[in-house]
Amino acid sequence: MLDSVLLWDPSNFSEGNVTYTVQLKSLKSEFIDLCRRTYFTECNISSIPKYGLSHLRIRAEFEHKQSHWIYLNFTPYKDTIIVPPIVQIIPTKSGVLDVHLQSLPVILNGIRYSLKDFYGSVVYKIKIWMNASEQIIDNVTAPHTFHVISGLHPGITYCLKAQAFIEELNKPGEWSKTSCTQTTNNNIVGTDPITVTVIFLTVLAFIIFSSCMIACIYHRIKRSFCPSYSLPQHFIQFLSHPSHSSLFFESQPEGEDHNYDILIVLLEKSKQCNSELENKTINIKQELQGSQEDTFKPKEISNCTTLLQV
């Protein structure tokens, strides 16, 4: 069943509060109440068959007085008034308007259907004109709820209205309210706040995603070509404390003379001890000649051990 509501004008009876009764003629040719003694000037008649012809009657009542019955015939499928669609206009390019249409749903047995699901052959008629002249410049028949109107003058305000049209019944719906908007100029996209927000969020998400990908790729390349490592602890200690001998030689100023004590130990006592000692003494004197003038004083120690002092 369609959600149908019967509306009527109030009675001009002024003696008191008037009530109304609405009845439906059944298949047995008997009238049954749909609304009884209601104070409202409307009655929900959604329970009647949607395709068949229904016979209705209505009268006004006050206490024991009643008006005459007013009869009417009603077929919901044919006689239901098609409400106007909701119109949204978006200027996208220079001289181009995108028109979005949204029809109210048809409610049948508590289930919502689109207008096309219920009637089948539904098209939308659109009238468009310049706001300044109010002269119709184009009549468009759109088979869908989205239509692009092109070839308009850039920077001009255009107005339009739309209606649903049931082709199989040749039944027009009501016209929508007039909606006006200005076309863009020089291919500049219109500053619709929803469009701007969507573009901003899309660009922001792309920047974040690209930054994460670049950082991930950079770290992988860095680990592949420049792996991180650390020296063992004993290497670090060794490098931080260089050998004393190196420090000693590096710290000796050039051109200074020093005295040295030469100690020679002979493990065997033989006749060659004195000769070897003399040869070594001569060699040492030659090496140290030019750096010192002192003489060597050998001292004999047991087991052919000799201490030479410089």
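Helices (H or I, at least four residues) and strands (E, at least two) are DSSP runs, numbered from the N terminus. The close-ups below all come from a predicted model.

**View 1. The largest pocket and the residues around its centre.** Start here: this pocket has a volume of about 600 Å³. Its lining is made up of 20 residues. If you want to find the middle, look for Asp3, Ser4, Thr80, Ile81 and Val83, which lie nearest the centre.

**View 2. Elements that line the largest pocket.** Three elements each supply at least two lining residues here: strand 1 (5-7), strand 10 (106-108) and helix 2 (115-119). Which of them gives the largest share of the lining? That's strand 1, with three residues. Sorted by class, the lining of the largest pocket has 15 nonpolar residues, along with three polar and two charged ones.

**View 3. The second largest pocket and the residues around its centre.** Now on to the next one, with a volume of about 200 Å³. This second largest pocket is lined by 13 residues. Nearest its centre you'll find Trp8, Asp9, Tyr20, Ile58 and Ile70.

**View 4. Elements that line the second largest pocket.** Strand 1 turns up here too, giving two or more residues to the lining, as do strand 5 (54-62) and strand 7 (70-74). Strand 5 gives the most, with three residues. As for class, eight residues in the lining of the second largest pocket are nonpolar, three are polar and two are charged.

Notes. Residues are numbered from 1 along each chain as its sequence is written. This is a predicted model: local features need pLDDT of at least 70, side-chain atom pairs count only at pLDDT 80 or more; totals for chains, interfaces and linings use all residues. Side-chain values use heavy atoms; hydrogens and water are left out. On a 1 Å grid over the protein atoms alone, a cavity is a set of points where a 1.4 Å probe fits but cannot get out, and a pocket is an open set with protein on both sides within 12 Å along at least five of seven lines; lining residues have an atom within 4 Å of a point. Grid points are joined across faces, edges and corners, and a volume is the space filled by probe spheres set on the points. Ala, Val, Leu, Ile, Met, Phe, Trp, Tyr, Cys and Pro count as nonpolar, Asp, Glu, Lys and Arg as charged, and the others, Gly among them, as polar.
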